[in-house]
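User: I am new to reading protein models and would like to go through one slowly, with a question at each step. Could we look at it together?

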Amino acid sequence: MYATRPSRASRTPLPWTQPRIWEVAVAAPAWGGPPLWLHGDLHLANILVDQGRISAVIDFGDITSGDPATDLSAAWMLFTAEQRAALRRAYGRADDATWDRARGWALALSLMFLTHSKDNPLIRGIGERAFRLVLDS
């Protein structure tokens, strides 16, 4: 026996869906500041944790400069909504446009991790977690 999906007409639209998150990110104004140094590959596999606290960031092979939204996307791979809010306050320079672009990056990266993780359960787990956190926020 299989569960049936409700008809399209009876479904309640979710406030945040993949296309809506992407539309908001793409519509956000581009980064207008100077290029900032970026890790370029900031995700769970490149962050070391000791006793529940981030202790180090590794793998600087993709270091670059550009829009800080790229690295801020890690907030959706690492943190709950409350923790992301604390990060944003502590960072202090993430306006709404930067935060929207960061969320768009997190969506794109989560889908990339899911698409290219057939032989890597760690990367698949990162993709699944990030995808859920992006949609839940």
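What follows is a set of questions and answers about this model.

User: What kind of model is this, and from which number are the residues counted along each chain?

Analyst: This is a predicted model, in which local features need pLDDT of at least 70 and side-chain atom pairs count only at pLDDT 80 or more, while totals for chains, interfaces and linings use all residues. Side-chain values use heavy atoms, with hydrogens and water left out, and the residues of each chain are numbered along the written sequence from 1.

User: How many helices and strands does the protein have, and what pattern do they follow?

Analyst: Helices (H or I, at least four residues) and strands (E, at least two) are DSSP runs, numbered from the N terminus. Counted in this way, the secondary structure comes to six helices and four strands. Read along the sequence, the pattern is α-β-β-β-β-α-α-α-α-α.

User: What percentage of the 137 residues is buried?

Analyst: A residue is called buried under 20% relative accessible area, exposed over 50% and partly exposed in between, using a 1.4 Å probe and protein chains only. By that rule, the buried share of the 137 residues in the protein is 31%.

User: Which helices are included in what covers the buried residues of H6?

Analyst: The buried residues of H6 are Ile123, Ile126, Gly127, Ala130, Phe131, Leu133 and Val134. An α-helix has 3.6 residues a turn, so residues three or four places apart point the same way. Judged by contact, meaning heavy atoms within 4.5 Å, the cover of these buried residues includes helix H1 (18-27), helix H3 (75-78), helix H4 (81-91) and helix H5 (96-115).

User: How far apart are the ring centres of the aromatic pair?

Analyst: Rings of Phe, Tyr and Trp (its six-membered ring) pair if their centres lie within 6.5 Å, and planes under 30 degrees apart count as stacked, over 60 as edge-to-face and the rest as tilted. A search of the whole structure finds one such pair. The planes of tryptophan 76 and tryptophan 99 lie at 45°, so the pair is tilted, and the ring centres are 4.9 Å apart.

User: Where in the chain do the two partners of that pair lie, and are they buried or exposed?

Analyst: The pair links distant parts of the chain, 23 residues apart, with tryptophan 76 in helix H3 and tryptophan 99 in helix H5. The relative accessible area of tryptophan 76 is 2%, and that of tryptophan 99 is 12%. Therefore tryptophan 76 counts as buried, and tryptophan 99 also counts as buried.

User: Which side chain makes a polar contact with histidine 43?

Analyst: Histidine 43 lies in the loop between strand S1 (36-38) and strand S2 (47-50), and with 6% relative accessibility it counts as buried. A polar contact is a pair of N or O atoms within 3.5 Å, where within protein one must be able to donate a hydrogen and the other to accept it, and residues adjacent in sequence count only if both atoms are side-chain atoms. For histidine 43 such a contact, at 3.2 Å, is made with the side chain of aspartate 41.

User: How far is the C-alpha atom of serine 65 from that of leucine 36?

Analyst: Serine 65 lies in strand S4 (residues 64-66) and counts as partly exposed because its relative accessibility is 43%. Leaving out residues up to four places away in sequence, serine 65 touches Pro35, Leu36, Trp37 and Leu38. Although serine 65 and leucine 36 are 29 residues apart along the chain, their C-alpha atoms are separated by 5.0 Å.
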